[in-house]
Amino acid sequence: MAGNNLISVDQKSLDRLNMNFEQFARELQGVCKEALKNLGQRIISDAQKTLSRKKNVATGMLINSGAVKEGADNAILAGFPTMYAYYVEFGRRAGKWPPFRFIYEWVRVRHFAADDKEARSVAFLIQRSIGKKGTRPHPFLRPAYEKNKRILVQVLKKGAAKVMNRDYV
């Protein structure tokens, strides 16, 4: 064995190297999390633009509910946590009647009725029709996700490059 190829490592150097790896991992995780939050906000913004463009806004409840938050295991969640967002996105099958209050509120905001009694009657008729016929989907979140998922890898690479260019010695 050649004597010139030996490396001397002491415990203090190993501990310092381990600390540097842990610091690197924390910083990388933080940069990636921030990048994902920004991307999530971009998805929400694009989905809101789609809702506005398709004129799917009456009360503003759906469009204003868009949010990005942290989930379990450092997951970043982007979505619209209203009760009926799913049905706007995917439509509703016939068979079950939808909740009355959202339809009633929509009828009131859209001024489809002269007074409260008429608004309730119109809302009931719409509710019954949706229960019998269902509704078509009006995708807004999936197209925004599809549009932005292409840049996901680029965003993460850019964030990782920032961390990798730092000095950890």
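A residue is counted as partly exposed when its relative accessible area falls between the buried limit of under 20% and the exposed limit of over 50%. In this predicted model, Phe112 has a relative accessible area of 41% and is therefore partly exposed. Trp106, with a relative accessible area of 32%, is also partly exposed. The two rings have their centres 5.1 Å apart and their planes at 65 degrees, so Trp106 and Phe112 make an edge-to-face pair. The count of aromatic pairs comes to seven. Elsewhere, Tyr86, Tyr87 and Phe90 are linked into a cluster by ring pairs.

The secondary structure of the chain consists of six helices and two strands. From the N terminus, the order of elements is α-β-β-α-α-α-α-α. Of the 169 residues in the chain, 27% are buried. Among contacts with a separation of 6 or more, 66% are between residues 24 or more positions apart.

The two strands, β1 (residues 67-70) and β2 (residues 76-79), run antiparallel and are joined by four bridges. Within this pairing, Val68 stands opposite Ala78 of β2. The strands form a hairpin with five residues between them. In the turn, Asp73 has a positive phi of about 55 degrees.

The loop between β2 and α2 contains Thr82. With a relative accessible area of 14%, against a limit of under 20%, Thr82 is buried. The side chain of Thr82 reaches the backbone nitrogen of Ala85 at 3.3 Å. Apart from neighbours within four places in sequence, Thr82 is in contact with Met61, Leu62 and Ser65.

The largest nonpolar core has 13 residues, and those with the most contacts inside it are Leu51, Leu62, Phe80 and Phe140. Two or more residues of this core are given by each of α1 and α2 (85-90). Helix α1 supplies the largest share, four residues. Leu62 touches Leu51, Phe80 and Phe140, and also Thr82, Tyr84, Ala85 and Val88, with residues up to four places away in sequence not counted. Another core, of seven residues, lies apart from this one; among its members are Ile103, Tyr104, Ala123 and Ile130.

Helix α3 (100-109) has Phe102, Ile103, Tyr104 and Val107 as its buried residues. The cover over these buried residues includes α4. Just after α3, His111 takes a positive phi of about 55 degrees.

Helix α4 (residues 116-133) has 18 residues. The distance from its first C-alpha to its last is 25 Å, close to the 26 Å expected at 1.5 Å a residue. At the N-terminal end, α4 is capped by Asp115, which has a side-chain oxygen 3.4 Å from the backbone nitrogen of Lys117. The buried residues of α4 are Ala119, Val122, Ala123, Gln127, Ile130 and Gly131, and they pack against α3. Two of these, Ala123 and Ile130, are among the residues of the seven-residue core, as are Ile103 and Tyr104, which belong to the buried residues of α3. Just after α4, a positive phi of about 80 degrees is found at Gly134.

Helix α1 (residues 11-53) contains Asp46. This aspartate has a relative accessible area of 11%, and Asp46 is therefore buried. The side chain of Asp46 makes a polar contact with the side chain of Lys147 at 3.4 Å. Ala144 and Asn148 are also touched by Asp46, along with Lys147, when residues up to four places away in sequence are not counted.

Definitions and conventions:
Residues numbered from 1 in each chain as written. Predicted model: local features only at pLDDT ≥ 70, side-chain atom pairs only at ≥ 80, totals over all residues. Heavy atoms only, no water. Expected span 1.5 Å × (residues − 1). Buried < 20%, exposed > 50% of the residue type's maximum accessible area, 1.4 Å probe, protein only. Contact = heavy atoms within 4.5 Å. Polar contact = N/O pair within 3.5 Å; in protein donor to acceptor, adjacent residues only side chain to side chain. Core = buried A, V, L, I, M, F, W, Y, C linked by side-chain atoms within 4.5 Å. Pairing = 2+ DSSP bridges. Phe/Tyr/Trp six-rings, centres within 6.5 Å; stacked < 30°, edge-to-face > 60°.
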